[in-house]
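Please open the model in your viewer and keep the sequence panel beside it. The tour below goes from one selection to the next and says what is to be found at each stop.

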Amino acid sequence: AIVSWFFKRISHVPSALAAMVFAALWTLAELARGWLWTGFPWGAGGYAHVEGPLSVLPRWIGVYGTGFVAAWIAAWLVLLVGRARVQPGKLHLKPVLASLVALVLVWGGLWWARSESLQAPAGQPGLSVELLQGNIPQDEKFELGSGVIVALRWYAQQLHDSKAQLVVAPETAIPLLPQQLIPGYLEGIQQRYAQGSQAAMVGIPLGDEAQGYTNSVLGMSAATQAEPYRYDKHHLVPFGEFIPPFFKWFTEMMNIPLGDFNRGTV
């Protein structure tokens with residue numbers, strides 16, 4: 001209803017400009033959703049374009065910029081088609097054709113840029129990356145008798161067998177604190193990447209009851225064999241990673257043992 005009201009209010013504005021205004025408002029709404037009250041930054045529109053012609057954009061303008069371009073193109077097409085149906089006698093053919101040609105050129109240019117970006121420069125082979133995802137049911141992930149055992153075995157095996165130059169495991173891929181692990185488990189993974197040119201990034205909770213806990217990632221390679229690289233997540237998600245006031249009952253109901261992390265430094 002809001003979108004319909006918006007398009008009616010700007011019926012006198014040229015389609016390309018009106019679409020840009022819509023895309024700007026859409027992007028502001030996504031930014032607000034991702035940051036206000038600590039934010040829920042899931043599912044931004046730009047994430048839908050990891051493939052296709054718009055996939056070339058995130059490296060330059062990020063996920064929100066990509067969402068802006070997608071919203072702009074979509075709104076432009078909707079306005080062109082909608083106005084042609086509602087006001088067929090008032091539209092001039094030349095502006096409509098010019099807009100369609102412009103859209104085709106933009107789309108074609110992005111598609112060409114994508115195909116060019118997928119080709120590694122001559123003599124410079126690309127970095128091979130392997131992303132691990134255990135696909136363990138969320139209601140079993142922190143169960144000691146099922147999900148924890150499956151996660152520890154599966155990620156240890158995958159990290160050991162991987163041939164990629166960079167291996168990345170997700171947040172809390174290892175669902176236990178280091179002091180809760182079998183002796184030698186984490187050290188074994190570190191030793192696996194202590195030699196050669198491979199590197200691994202593994203999600204794991206860190207900390208203790210006295211200092212609090214962090215949702216962290218450890219980076220392991222030959223250059224960090226003395227002490228793994230560590231990053232503590234700063235932008236935490238409410239309910240999943242920290243408990244807002246008066247809502248501790250919620251995380252207890254969701255069975256998230258490590259659901260109240262401290263915020264890492266920027």
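Select Lys 233 and Glu 171, whose side chains meet in a salt bridge with 2.8 Å from N to O, a salt bridge being a side-chain nitrogen of Lys or Arg within 4 Å of a carboxyl oxygen of Asp or Glu. Lys 233 lies in the loop between E5 and helix H7 (248-254) and Glu 171 in the loop between E2 and H6, so the pair ties together parts that are 62 residues apart in sequence. Helices (H or I, at least four residues) and strands (E, at least two) are DSSP runs, numbered from the N terminus. Lys 233 is partly exposed at a relative accessible area of 21%, and Glu 171 is also partly exposed, at 41%; buried means under 20% relative accessible area, exposed over 50%, and partly exposed in between (1.4 Å probe, protein chains only).

Before moving on, note that this is a predicted model, in which local features need pLDDT of at least 70 and side-chain atom pairs count only at pLDDT 80 or more, while totals for chains, interfaces and linings use all residues. Residues are numbered from 1 along each chain as its sequence is written, and side-chain values use heavy atoms, with hydrogens and water left out.

**Second stop: the other salt bridge**

Asp 232 counts as buried at 19% relative accessibility, whereas Arg 230, at 43%, counts as partly exposed.

Now colour by secondary structure: the protein has 7 helices and 5 strands, and from the N terminus on its elements run α-α-α-α-β-α-β-α-β-β-β-α. The strands form an open sheet of 5, in the order E1-E2-E3-E4-E5 and with mixed pairing. At its edges are strand E1 (129-131) and strand E5 (229-232), each of which pairs on one side only, and the twist averages 30° from one strand to the next. That angle belongs to axes that are lines fitted to C-alpha atoms (for helices over the stretch in contact), with angles running from 0 to 180 degrees between N-to-C directions. Two strands pair if DSSP finds at least two bridges between them.

Select strand E2 (residues 166-168) together with strand E3 (residues 199-208), which pair in the parallel sense over 3 bridges; Leu 166 has Ala 199 as its bridge partner in E3. A hairpin of 3 residues connects E3 to E4, and Pro 205 has Asn 215 as its bridge partner in E4. How many residues of strand E4 (residues 212-220) are buried? The strand is mostly covered, with 8 of its 9 residues buried, while in the protein buried residues make up 36% of the 266 residues.

Two residues other than glycine deserve a look at their backbone. Most residues other than glycine have a negative phi. Asn 135, in the loop between E1 and helix H5 (147-161), has a positive phi near 55° and is exposed, with a relative accessible area of 66%. Thr 172, in the loop between E2 and helix H6 (185-192), has a positive phi near 45° but counts as buried, at 9% relative accessibility.

Pro 175 is placed in the loop between E2 and H6 and counts as buried, at 4% relative accessibility. Select Gly 147 with Pro 175: the two are 28 residues apart in sequence and 8.9 Å apart in space, C-alpha to C-alpha.

**Last stop: the cavity**

Finally, select Gln 190, Tyr 193, Gly 219, Met 220, Ser 221, Thr 224, Gln 225 and Pro 228, which line the largest cavity. A cavity is a set of points on a 1 Å grid over the protein atoms alone where a 1.4 Å probe fits but cannot get out, and lining residues have an atom within 4 Å of a point. The count comes to 1 cavity of 30 Å³ or more, and about 50 Å³ of space lies in the largest, a volume being the space filled by probe spheres set on the points, which are joined across faces, edges and corners.

Note on methods
On a 1 Å grid over the protein atoms alone, a cavity is a set of points where a 1.4 Å probe fits but cannot get out, and a pocket is an open set with protein on both sides within 12 Å along at least five of seven lines; lining residues have an atom within 4 Å of a point.
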